Amino acid sequence: MTQDQPAPAPSQAPARPDWWRDAVIYQVYPRSFADADGDGMGDLEGIRRRLPHLRDLGVDAVWLSPFYASPQADAGYDVTDYRAVDPMFGTLDDADAVLRDAHTLGLRVIVDLVPNHCSDRHAWFRQAVEEGPTSPLRHRFHFRDGRGADGELPPNDWESVFGGPAWTRLPDGQWYLHLFAPEQPDFNWEHTVVRDEFRAVLRFWLDRGVDGFRIDVAHGLIKAAGLPDIGRGSQATLIGNQELPFFDQDGVHEIYRDWRALLDEYDGERIAVAEAWAPSPARTARYVRPDELHQAFNFHYLGTAWDAPALRGTIDASLDAMRPVGAPATWVLSNHDVVRHATRLGGTAARARAATLLMLALPGSAYLYQGEELGLPEVTDLPDEARQDPAFARRTGTSGQDGLRDGCRVPIPWTEDGRSHGFGPGSSWLPMPPGWGALSVAAQTGDPDSTLELYRAALALRRTHPGLGAGTDVTWLDAPDGILTFRRPGGLVCTVNTTDTAVRLPTPGKPLLSSGQLPTADGEFILPPDTTVWWDA
Ligand code: BGC
């Protein structure tokens, strides 16, 4: 089959009403998951071959970060053709094969949609640049004349998330807006052609059988009218919560109402999840009102320290914000933009395991990032020349991104041996650190004390225990300082020790799963530091 012919409709994953309300969704970062063709870069065929790992892990769905045609100025978040697969990842046939095999294994597939900006090599942008300042195509983006006597100053004081001004000047004198890298010009979402184009892109992938979309920078599409100055440092941080005239503007919601109606035309509950960095859980909830998107990432949770009152506060605030809109809360600890939680939370591997069991006990849906099921730490000592995060080259040392996102993007190890530990036949685009083989899927499989087997056991319990998965409430039980204990309807109690000392507590029921050793005796148990326990109670 050629790239232009529509593929036969791939089979659907088995129908389950409200599947997304408690889904565990696993993020695959295609560059770093599995490399079938041996070029050192992961690809779709590599993903397809490794799908059984995800079935065995027990997740419900896979989210694929971008695999579209792209010059890779921002690892694929700079798209030249939203309907094409980049040759480095394979072909449309390969994408169809991933969908088909995932569905056969009972896994749903969500793809990334990048609507805030495209690549500076996208045909629209290139043509707009070629045609010059009077081209009507420039209205599809944010082109402006500059300030100053000769227009030599940017049109406003906005700064790019990746550092430096959010504007770049062309040789013809005009400036264009890019909230991220200069290679990522922002679309003008006030233009109907932009809206029509993305409706068509949604349909293109829905018709191929995808189960939903992760909406990149969902809070950025609409900018405040007149693009007003901020008048102070305007540097936005990645996954930040600042109030800015280019983020979380009320006008974005009209777009998501439109998309929800479109998604609802399709069978099987196709969903969309917003990557929306909003200032508060209440603002985040606006993206998931009943006629808007289905889910929004809970970055407030991701940003919460390993501290009992702080965690309890964020959990309550998240559930309180979602209840009135009827959307599931979501929980996330790691992704391709942040330091892996095994490192970020500041403790040992035990703390990361405890954090995971806490997250998976909370009501709603959870997102996992590839490799966290292996307990992978952040790789902090990559050589500068290996780094590809565009913010690394733009870092100023004073503000903005540190550009160190490659540290969580190192390919994952599948086997103990091999040049790239089973990632592929050759080397990997980012070097793997020493010791990676001992963390591989092969090394951990069958070891009851391994992090991989902990994830498998937890996800298996989520499928069977009535106190896990969907829900809207937790009831907090009395606990000593630094200990969190909550009960969920359905008979689950979760107890977490966030401190660095063991505590003796009365046993609340039958232990189901523990992230660490659990000595019990005479109606009491000893909860070690950085440990979470699930109880049937
Ligand atoms: C993605 C990043 C990307 C940025 C620009 C984000 O939110 O997750 O990886 O650099 O959007 O597209």
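Predicted model: local features only at pLDDT ≥ 70, side-chain atom pairs only at ≥ 80, totals over all residues.
Before you start: residues are numbered from 1 along each chain as its sequence is written. Local features need pLDDT of at least 70 and side-chain atom pairs count only at pLDDT 80 or more, while totals for chains, interfaces and linings use all residues, and side-chain values use heavy atoms, with hydrogens and water left out.

**Exercise 1.** Find out how many residues surround the ligand and which classes they belong to.

*Solution.* Start with the rule: a residue is near a molecule if one of its heavy atoms lies within 4 Å of it. That gives 15 residues, and the closest are Asp-74, His-117, Asp-216, Glu-275 and Asp-337.

**Exercise 2.** Work out which side chains have polar atoms beside oxygen atoms of the ligand, and how much of the ligand is buried.

*Solution.* Look for N or O pairs within 3.5 Å, the cut-off for a polar contact. Asp-337 has a polar side-chain atom 2.5 Å from a ligand oxygen. For His-336 the distance is 2.9 Å, and for Arg-405 you get 3.0 Å. Now the area: alone, the ligand exposes 310 Å², and the protein buries 100% of that (Shrake-Rupley method, 1.4 Å probe).

**Exercise 3.** Decide whether Cys-118 is buried or exposed, then count the disulfides.

*Solution.* Buried means under 20% relative accessible area, exposed over 50%, and partly exposed in between (1.4 Å probe, protein chains only). Cys-118 is at 0%, so Cys-118 counts as buried. Last step: with a disulfide taken as two cysteine sulfur atoms within 2.5 Å, the count is zero.

Key: Polar contact = N/O pair within 3.5 Å; in protein donor to acceptor, adjacent residues only side chain to side chain.
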